[in-house]
Amino acid sequence: MAEAPQRSGTPAPASSWHGQVTRPHLADMAAVPADVPPARWAQLGEQLTHILPRGQVLADGVSRLAYSYDATGERRPPHLVVVPTHADDVGPVLAAAARANVPVMARGAGTNLSGGTLPLFGGVVVALQRLTDPGHVDAEHLQADVGVGWVNAALQRELARNGLFYPPDPSSHRISTLGGNIQENSGGPHALRYGVTESHVLAVRGFLVDGTPVQLLRPALPGDWDLVGVVTGSEGTLMVATEATVNVRTAPAGTTTALLAFASVAAACEAVARVVAARLNPAALELLDRPSIELVERFAAAGYPTDAGAVLLVDLDGLPAERAAALAALDTVTRADARLTFQTADSPAAAERLWLGRRAAYGALAQVSARVFVQDVTVPRPQLAAMMDDVLAIAARWRLTVLTVAHAGDGNLHPTIAYDPSDPDEMTRLGGADREILAAAANRDGSITGEHGVGIDKLEHLPLMYGPSELGAMLGIKRAFDPDLRLNPGKAIWTGPGLAAVPERTRRCGPDQAWRDEACAVLQQAHQMGAVVQITGRAIRSAVDSGALPLSTRTWTGIQSIDPDNLTATVASGLSFRELDRLLFPHGLEWAVDPIDPEETVGGLVAGALPAWREAGPGPVRQQVLGVELVDGTARALRFGRPVLKNVAGYDLTKLLVGSFGRLGVLTTVTLRLIPRQPLLWRALATEPSALAGAAWASLQQPNRPEAVVARPGQLLTAWVADPGSTWGASVDDPRAVLASLLAERMHHGGRFHRSGRASGPPTARGWDLWWPLGGVWLGPGTGLERPAVPADPVAEQLARRVRDVFDPDHLWRGGLP
Amino acid sequence: MTGTTCDAPLALSNAAVQQLGHCNKCGFCLPACPTYIETGLEVHSPRGRLSLMEAAWRGELSVDQGLADALSLCIGCRACETACPSGVHYSTVLEAARTDMVRRRRRWVIPAPAAPALLRLVRHRRVFRAAVRLGRAARRLPLPASLTPLTAMLPARVDTPRAGAAPRASRSGPAVHFVDTCVMAAMFPTANRDAVILLSAAGAHLVGAPKSEGCCGALEAHVGHLETARQLARTQVARWERHLAPDTWLVAHSGGCAAMMADYGRLLGDDERWREPARHWAAQVRDFATALAALPSSLRFRGTGARVALQNSCHLVNGLHQGGAPATLLAGIPGDQFIPLAGQDRCCGAGGVYNLNQPAMARQVLARHLAEGERAAVNVWLVNNPGCALHLEQGVQALGGRARVQHLATYLRERWVDKAPQDFSQEG
């Protein structure tokens, strides 16, 4: 109480508030003058009251304080808060803020763990929790249109009624909003099997910072930039999203939760490695170390053994037989002297109790201290144990107590340190340990943040992963959306003038340096000649334009690394699919992309991102690519992404390159996500054209959904399933009984689709635009369900042009079908 | 006592400051909070209020009408405490803050002028009971606007204890002292009597005279009169110390009072003389349903085809942590359809005298519950707290009064299959 100063009636300035952390680098980040005259705030507040209904513009001290914090604990009060109930009102609010030239920050429930929703420089906070309209679940097409104010758990409840679920489930899911999840690209335990938020966002609607309405769609046509993929995880720095369309999934037939206790963290990490290597594909695989167990047991009484060095919490989902087999395998591969117990939850309530312990971990920490520093590093999975050792050694060196929970299956660790912001010595030690832990993760080719975001906590550490070229490209993207840097300033990416001081990251020597030189030489030549450059791989689908300088990747071959225990590979872009497949075969792995011609190059397949037949299974091409290295139109060598499943450090520009058709840069190497090889797929045919769409959708709503469904006149419905004995189709209601006949005609097709040639007719290079995916089914012309015309959004097109200029201002890349 | 000036930082007890230190703003309390659910505003969430109180305590935020408005919209249901993974005892902080605000002698916290009078009234049983009757008559008379909401709170039916089977004497069962609690005794004596009959039938050995026991202090603590509440608590514990055996259960049919009484250990935690007796007392407190379920004989009930929903007392759920027993009891009654509603354990908006001070929000919170009941075609609402009874009664009437509001004990008494004790038939 002694800290409370003697004071007059007006509150002290926020800088003198208790517990603020000094962040000198932030001074550079404010592009907008900090000293806005008070009269302008009053004027803006007055204008906003004309836009919004009564009570939706808040300028009083109480409200400003209530919107000054998130779960990180610091407080930066905004000048004005608006709490709209209609998305339409957001645009005019943003326009008014633009006229006043003040910072704007949108937020949801404010559960951010990296400071992403602190209004650092004040300004206008747009609180979006009340935007819960629409809330439409389209069970047939496995999609939901939601206002961004929907709470994740509320959407889950709504979906559960239809036998569906939405996989991303951050620990904050009981209150965090879909909008926040999208802006942060949230993960959560179940991202392991089904992918993070980014894998589930199909469209984003909202406003640019100046109030212009914009709609971004997941590219239906190759050659569109995946702006949805870039906005997802942009921490609210690119646009204010008010509505989204998300993919949902059929709920698994059932889930079995198991708790495994080990004598030590090392033993638990070893078990994780073996589970991943055994390709058990659990739905969730979580680790808690001993201090975490003791903590959560005190508050959640989840039933974790407190004498264990670490526990693993495992969810296995699927049909009962699958789960039983997986459980038996889990038991076998983790059996070791150091395993103390192996228990399974015998009821949903028991499973819920086990999960409560994991989910309560962060909140329970507050019993130790109100301020906890939560890190969020991700490393390639085989390095989990080594990274845990690093963390413990670093904490010991800096005399700090650390406890760790981890999404172990993703290689995502949350080392957590309690601290007291008023203890300068402790703050110094915390800073030192923080930096070293992040550097250790970066050195292991991991990410400094897997799911919590850069926020303000990791901003100054971005150079551990990126050089000035990558940081500059991210700043370029930021300016393409928000030229004045007014939207959530000081977050996610480096916007300050100190960019030039960042050292260029040392690059590997070797052939890829030669490839970069080669690309640069061709670019330089084109620049001098006033010509354009056209990238070709094997030139299978398109010939080189006569007026263009060719840049062939044909000789850029080789594999940098295959990490079978991490299920990743980094390969040269000129490598052919056939060669890649041959190299992966001995490892029992495959890259889940189906080329029309196996001679196509990996780079071509990534840049082309043609429709992925198995979208219903492993997902589209963009989910099979974890990172890229490229040379862009300004001859910058850039590297985005890492061989890790979760990475939200800066903008996810890997997504832009997938499907870029060679118009942003030439890929030199690509890091691929691999999956256990499907030994063969079964194909089923339907004979009744009128029922095509119904049958296709019905098949996708089975728990054991097929990997691909193609509806095509003449050839009719074709589906690829991994397991012919599965029950899909068995419980389809009568109108969908066509599926039964489909099953009756099931035939052994003798291997994978692409190996059997093109007989069943995918959308070929020509005419692909007549095909379209609906809820995972590819529908072709003649099915009676033609692609609905999507009106071109001029704002989105303008954004696309600006994005192109970031990478290729002189338009040197011709682009085209690879 | 001269009030401190408006400009001084908010004064909080050490216990309250300690609780503030345990909040790390994770936000898990938000979806549990009725006023956050209604408003969607951070200011009206537990995390928001804790932040405001902390800032005001640190002198970073003025103690003024804005803060008072924010704090007075809190119903005090304590659902946030149940939701909190850090175990923050929110009500300790809120009570301390309200106490300081009241000490400043402003009318911030209790805007309804009649409420303080009501608080004093409930401590005097006979006067209170007379006032209830008078008030019912007065409802038909033109009254000043400030009193109108008060009369609307009065029970719709005149409630006089009806003659029932005399409690059967049991000497073998656990000793039970039925605490009749002031509002229940004045307004709902029938429910109290039904509770006593059922407890007795289930084997309770009833001890102590249920008369003129005064108020437990719940209403006082609620609005920031903490010192008065402590004084009332001491009186209760002293009487118990004198007259009752230490293992006697203290059973009430009022979730709010039971929770308050179970909280005496904390309330008198700084009181050398009373700390230990208060803790012993608190450990003996049982809600009616919990006690009934724990007694040796299980009673048999038979329903009448009603569609029944429960409005659990929020302090029973979040303070006493005995919210599970009523639902378990109800689920086991054949003949009626017990419908567990999603909002069953969420506060109805009554909140002691909250519905007098914040009638608009109280109505809004209740409307959500009634709508849920309407969708489920509920025709009997069961309550286990007098404030909830009054509030629901009023709300149901406003909606056209198709559903009945009943106290849990009365409902059970009506459905009790009398004179068919299981132990008898088994022996015979």
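Helices here are DSSP runs of H or I with at least four residues, and strands are runs of E with at least two. With that settled, I counted chain A and got 22 helices and 33 strands. I keep in mind that this is a predicted model.

**Chain A overall**

I looked up burial next: of the 818 residues in chain A, 56% are buried. Then I checked how far contacts reach along the sequence. Taking contacts in chain A between residues at least 6 apart, I find that 74% join residues at least 24 apart.

Skipping neighbours within four places in sequence, I list Leu260(A), Ala268(A), Ala271(A), Val272(A), Leu285(A), Glu286(A), Leu287(A) and Ala408(A) as its contacts.

**A helix pair**

I went on to α13 (residues 384-397) and α14 (residues 424-443), both in chain A; their axes come within 10 Å and cross at roughly 160°. Angles over 145 degrees count as roughly antiparallel, so that is what I call α13(A) and α14(A). I also noted that their crossing is right-handed.

From α13(A), I have Met387(A), Asp390(A), Val391(A), Ile394(A) and Ala395(A) meeting Ala433(A), Glu436(A), Ile437(A), Ala440(A) and Ala441(A) of α14(A). Sorting the residues of this contact by class, I get 8 nonpolar, 2 charged and no polar.

**Where A meets B**

I looked at the contact between the chains: chain A puts in 44 residues and chain B 34. On the chain A side, α2 (61-66), α9 (290-300) and α12 (361-365) each supply at least two residues. I see the largest share of that side coming from α2(A), with 5 residues. By class, I have the chain A side down as 25 nonpolar, 12 polar and 7 charged residues.

**One residue in chain B**

Last stop was Ala97(B), which I found in helix α6 of chain B, residues 90-103. Is Ala97(B) buried or exposed? I call Ala97(B) buried because 29 other C-beta atoms lie within 10 Å, and the cut-off is 20 or more. Not counting residues up to four places away in sequence, I find Ala97(B) touching Leu10(B), Leu12(B), Met53(B) and Leu71(B).

Methods:
Residues numbered from 1 in each chain as written. Chains lettered and ligands numbered in written order. Predicted model: local features only at pLDDT ≥ 70, side-chain atom pairs only at ≥ 80, totals over all residues. Axes fitted to C-alpha atoms, helices over the stretch in contact; angles between N-to-C directions. Parallel < 35°, antiparallel > 145°, perpendicular 65-115°, else oblique. Left-handed = near helix turned anticlockwise from the far one by under 90°. Contact = placed C-beta atoms within 7 Å. Nonpolar A, V, L, I, M, F, W, Y, C, P; charged D, E, K, R; others polar. Buried ≥ 20, exposed ≤ 12 C-beta atoms within 10 Å, placed from the backbone.
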